[in-house]
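Please read the points below with the model open beside them.

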Amino acid sequence: MAITYVDEEKGSDAAGVPGTEAAPFKTLSQAFIEQGPDHEYVVKKNDEDGYKPAAKAALKKAVKNAEVHRKKVAAAAERAEREAQDAAAREAVLEKAKDIKITDDASLPAPVSIDLAETDAAKIGTLRKSGDKEHTGEGVKRIKVQGRVQRVAKQGGLIFVWLRRGMAIMQCVLAGDLAKTYDALVLVRETSMEIVGELWELPAGTHAPLNRELHADFFRIIAAAPGGDDAFVTRVPNDFDTTSSQASEALLNLRHLTLRHDKPAAVMFVRSVLEGAFHTAYRELAVTKVSPPALVQTQVEGGSTLFSLDYYGEPAYLTQSSQLYLETCLPSLGDVYCVEKSFRAEKSLTRRHLSEYTHVEAELDFIPFESLLDHIESIICRVVDLTLADPIAAKIIKEYNPDFERPSQPFMRMRYSDAIDWLRAKDIKNEEGNDHTFGDDIAEAAERRMTDEINRPIMLTHFPAGIKAFYMQRASDDDRVTESVDVLMPGVGEIVGGSMRIWDHDQLLAAYKREGLDPAPYYWYTDQRKYGGSPHGGYGLGLERLIVWLLKLWTVREACLYPRYMGRCRP
Ligand code: 4AD
């Protein structure tokens with residue numbers, strides 16, 4: 001009998017080991033699996049003892065292990081065989097399906113093209129009663145729709161297709177030959193297609209959008225999406241955890257595709273309604289819209305967050321705020337607003353900071369500070385009301401933020417100095433870990449804790465001049481503080497920053513000096529104080545932060561079509 005060698009110290013179980021003295025196995029089990037019962041096995045535990053015949057017990061164990069291994073291999077082979085047969089059967093069905101041809105029956109009435117959400121009876125006709133198989137139902141029309149596949153479900157001989165166009169969905173049913181065609185059998189999410197048929201009432205006890213379904217008599221693929229590893233549902237799963245930065249980065253790299261999921265699309269829809277609501281609300285107040293430039297040569301909110309660029313050889317920046325330009329419009333247009341992009345080179349990654357955000361800004365002429373505060377809260381409430389008046393937006397808000405309540409007026413008003421006292425009383429420390437003192441910038445964490453604990457909108461006013469921008473007007477009753485306001489919302493913190501503006505010429509020059517700003521590039525801003533100054537004020541609202549609050553999102557990144565923040569400028 002041939003001898004097989006096992007060296008437990010120096011042997012190897014790698015594939016192809018012959019088990020000779022020169023190239024021994026490492027384990028008896030592996031040796032037995034490879035060479036079977038017709039060999040004599042010698043085992044060396046160490047060089048001192050040398051090779052000895054395998055012990056009976058060890059051999060018995062090796063036999064057992066080899067048997068288990070054999071069964072596993074046999075089961076795997078059987079499974080592979082079964083899978084191959086299944087695949088071949090599927091392939092055969094698909095091959096046969098290629099022979100099934102469907103046609104758009106010319107004897108049927110020409111179909112009417114409708115949108116998936118169309119409900120106008122004049123266009124869609126009457127719904128055929130479920131179970132009414134007569135083809136000449138009174139008022140029933142032949143309908144044609146186009147869209148992308150949101151979901152496919154096979155049930156009995158039927159294929160249910162949820163067709164999506166924009167945010168509208170229609171349930172369509174393919175039956176008979178239609179459900180046996182190759183195109184129907186390989187249908188996957190995101191394929192775009194056209195379906196023709198009749199709108200039916202739903203069978204009792206079933207549900208579908210608008211309580212109807214399209215019973216197809218014909219369909220046509222417009223552009224097929226890939227299946228397999230490249231399938232949409234494989235590449236862009238819906239269950240990313242947006243609170244995990246790794247997952248959300250992966251998600252944002254695929255933003256062009258994830259936008260097709262329900263929630264991102266819903267957020268973008270609400271954003272559109274919100275923007276419209278601002279335009280309506282300002283129009284109601286006779287505030288005129290203007291479009292200030294994005295390329296500028298002045299800073300508004302401090303040099304540390306400026307994006308600078310070379311502008312035909314001159315230094316320039318991306319605007320941080322349109323405020324200064326809005327102020328220049330007051331004498332010609334009266335109260336003005338804009339909805340423009342602002343840019344901040346924020347060098348930290350937080351849930352509420354973007355490098356590019358949508359800034360709703362307004363400037364109001366000849367007003368006292370109190371009126372500015374009243375205006376800000378009424379604009380916010382009016383915009384919320386107008387948004388809730390849109391049935392789709394209202395439904396989305398209800399779905400993602402079921403506890404949302406329209407804020408009641410007046411908002412809580414709190415002076416900065418009282419906020420400092422509040423933080424001290426609650427033992428909430430500043431960024432250095434000390435008690436807050438007058439003059440501290442209230443950092444994001446402390447601000448969040450305060451807003452979340454008070455749990456209603458707060459208008460925080462009268463910030464010290466030292467922590468606010470150069471243009472802010474001092475309070476008449478306390479020269480240490482400014483007529484300034486931050487609106488804080490639960491779940492997000494500051495969504496609005498505003499103030500009365502210095503309107504005295506000399507005070508403004510002194511402010512430039514204090515901030516170390518060269519007044520030369522601000523000549524046009526200073527001129528406003530020369531030709532008929534006025535007490536005026538304004539504010540800026542971060543649209544993405546408002547959306548975070550309204551929809552209870554985790555971060556402002558979810559509120560942007562394609563968010564930009566430190567490290568991300570794609571897709
Ligand atoms: O408080 P800020 O910096 O005020 C201004 O820019 C004023 N010049 C506006 C004005 O009075 N016209 O910014 C105003 C608002 C903030 O409350 C916040 O909602 C938003 O703009 N904001 C940001 N949003 C997202 N990412 C950022 N990096 C933001 N910086 C400010």
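1. UniProt, in an unreviewed entry, lists residues 63-97 as "coiled-coil region"; its positions are given in the numbering used here, feature names are shortened, and annotations may be inferred rather than shown by experiment. Over residues 63-97 the chain is 100% helix and 0% strand, with the end C-alpha atoms 51 Å apart, where helices (H or I, at least four residues) and strands (E, at least two) are DSSP runs numbered from the N terminus.

2. On provenance, this is a predicted model, in which local features need pLDDT of at least 70 and side-chain atom pairs count only at pLDDT 80 or more, while totals for chains, interfaces and linings use all residues. Residues are numbered from 1 along each chain as its sequence is written, and side-chain values use heavy atoms, with hydrogens and water left out.

3. The unreviewed UniProt entry also lists residues 270-563 as "domain: Aminoacyl-transfer RNA synthetases class-II family profile". Across residues 270-563 the chain is 34% helix and 23% strand, and the end C-alpha atoms are 16 Å apart.

4. The second largest pocket holds about 930 Å³ of space. Elements giving two or more residues to its lining are β5 (142-155), β6 (158-165), β7 (168-174), α8 (262-284) and α11 (391-400), and α11 supplies the largest share, six residues. A pocket here is, on a 1 Å grid over the protein atoms alone, an open set of points where a 1.4 Å probe fits, with protein on both sides within 12 Å along at least five of seven lines, and lining residues have an atom within 4 Å of a point; points are joined across faces, edges and corners, and the volume is the space filled by probe spheres set on them.

5. Of the 25 residues lining the second largest pocket, M167, A168, I169, D262 and K395 lie nearest its centre. The lining divides into 15 nonpolar, three polar and seven charged residues, with Asp, Glu, Lys and Arg counted as charged, and Gly among the polar ones.

6. Around the ligand there are 23 residues, of which E301, Q323, R344, E361 and E494 come nearest; a residue is near if one of its heavy atoms lies within 4 Å. An oxygen atom of the ligand is 2.5 Å from an N or O atom in the side chain of E494, and one is 2.8 Å from a polar backbone atom of I495.

7. S245 lies in helix α6 (residues 245-253) and counts as exposed because its relative accessibility is 55%, exposed being over 50% with a 1.4 Å probe and protein chains only.

Technical notes. Buried means under 20% relative accessible area, exposed over 50%, partly exposed in between (1.4 Å probe, protein chains only). A polar contact is a pair of N or O atoms within 3.5 Å; within protein, one must be able to donate a hydrogen and the other to accept it, and residues adjacent in sequence count only if both atoms are side-chain atoms.
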